[in-house]
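Me: Please set out what can be read from the structure shown below, taking one point at a time.
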Amino acid sequence: MYTQLEKINQRPKPFAYYTARDLWNDDYVSRKMLELHLNPDMDLASRKMEFVEMSAQWIASRFELGPGKSVCDFGCGPGLYTTRFSKTGARVTGLDFSRNSIAYAKQQALEQGLEIEYQLGNYLDFSAPGKFDLITMIYLDFCPLSPPQRQQLLDIFTNHLNDGGHVFMDVLTLRYFKQVTEERTYEYSRENGFWSPEPYYAFLNTWKYPETNLILGKHTLVEEHRTREIFNWLQCFSPKTLSRELGAKGFRILESYSDVAGTPCQEDGSEMAVVIQKV
Ligand SMILES: C[S@@+](CC[C@H](N)C(=O)[O-])C[C@H]1O[C@@H](n2cnc3c(N)ncnc32)[C@H](O)[C@@H]1O
């Protein structure tokens, strides 16, 4: 037991493991996730519905979405944004590797008579013949990726953007990094908890890597017959580090906002949204 606890409390090397699929596509967890996505009052898997509404409207207006325009939403989840973008008349594609979310999104499109192309898969492997006027990646999805994965993703954006096309995405800032404290906690669930219907102990270790402004939330989920580890990496950026990283792949930041609803930039915001374009 002591050895196991030692292992739980051992700080891993930055980005040593990528477990996003276990977080988003485990059959049981992804059903719980879908409930969170669709909870109108919670900022968890998706942001609160009122904000999503405001943000989708702002994006549609900023990028003049409508007939003749094309959008691809990376990490579309259950389609809260794709559904709204599609209603403008734009051609919309949504990508996600959560089977449950894509099934829900497809059902919604069917019920609402919307023609949206949904693709189930890892967006780090995305390759399509078509190109888009706008690529969106909403709710900080750039932050869990390692530096090589982020570079890979920027190459994928490049390959799928029309001339003059834009990418719109949001990231965590250094303000967020400062707010987080390292901690170790655990909780017990008797039945139907977030991680499993069976009883489990969930250990949460939060580590900070100040050299690179990286945060790790590691969940160790201990059930009677299995133990799982979920690594939730969060890379935080300053405007300078983000600009440097995007610049290395030929992207320029055209506009910065405090959030994906176009709120003007505030110095001390914990998130930042950027419109970027290939130079
Ligand atoms: C934080 S949620 C945001 C969902 C949506 N953008 C929104 O704001 O409602 C992140 C989404 O990205 C998906 N995702 C994460 N990593 C992915 C990957 N490598 N490939 C495809 N989808 C991914 C998850 O399944 C999840 O639906």
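Me: Which residues does Ile135 touch, not counting residues up to four places away in sequence?
Reply: This is a predicted model, in which local features need pLDDT of at least 70 and side-chain atom pairs count only at pLDDT 80 or more, whereas totals for chains, interfaces and linings use all residues. Residues are numbered from 1 along each chain as its sequence is written. Two residues are in contact if their C-beta atoms, placed from the backbone, lie within 7 Å. With residues up to four places away in sequence left out, Ile135 touches Cys72, Phe74, Phe157, His160, Leu161 and Val167.

Me: How many residues has the largest nonpolar core?
Reply: A nonpolar core is a set of buried Ala, Val, Leu, Ile, Met, Phe, Trp, Tyr and Cys residues joined through C-beta atoms within 7 Å. A residue is buried if 20 or more other C-beta atoms lie within 10 Å of its own, exposed if 12 or fewer, and partly exposed in between, with C-beta atoms placed from the backbone. Ile135 is among the residues with the most contacts inside the largest core, as are Val71 and Phe85, and the number of residues in this core is 52.

Me: Which strand gives the most to this core?
Reply: Strands (E, at least two residues) and helices (H or I, at least four) are DSSP runs, numbered from the N terminus. With six residues, the element that gives the most to this core is strand 5 (residues 161-173).

Me: Why does the distance between the end C-alpha atoms of helix 6 agree with its 13 residues?
Reply: The expected span of a helix is 1.5 Å times one less than its number of residues. For helix 6 (residues 99-111) this gives 18 Å, which agrees because its end C-alpha atoms are also apart by 18 Å.

Me: Against which elements do the buried residues of helix 6 pack?
Reply: The buried residues of helix 6 are Asn100, Ser101, Ile102, Ala105 and Ala109. They pack against helix 3 (27-38), helix 5 (80-86), strand 2 (91-96) and strand 3 (116-120).

Me: What distance separates the centres of domain 1 and domain 2?
Reply: Domain bounds come from an automatic or database domain assignment. That assignment gives domain 1 (2-8 + 177-234) and domain 2 (27-171 + 238-278). Taken over C-alpha atoms, their centres are separated by 27 Å.

Me: How many residues does the contact take from domain 1, and how many from domain 2?
Reply: The contact takes residues from both domains. The numbers are eight from domain 1 and six from domain 2.
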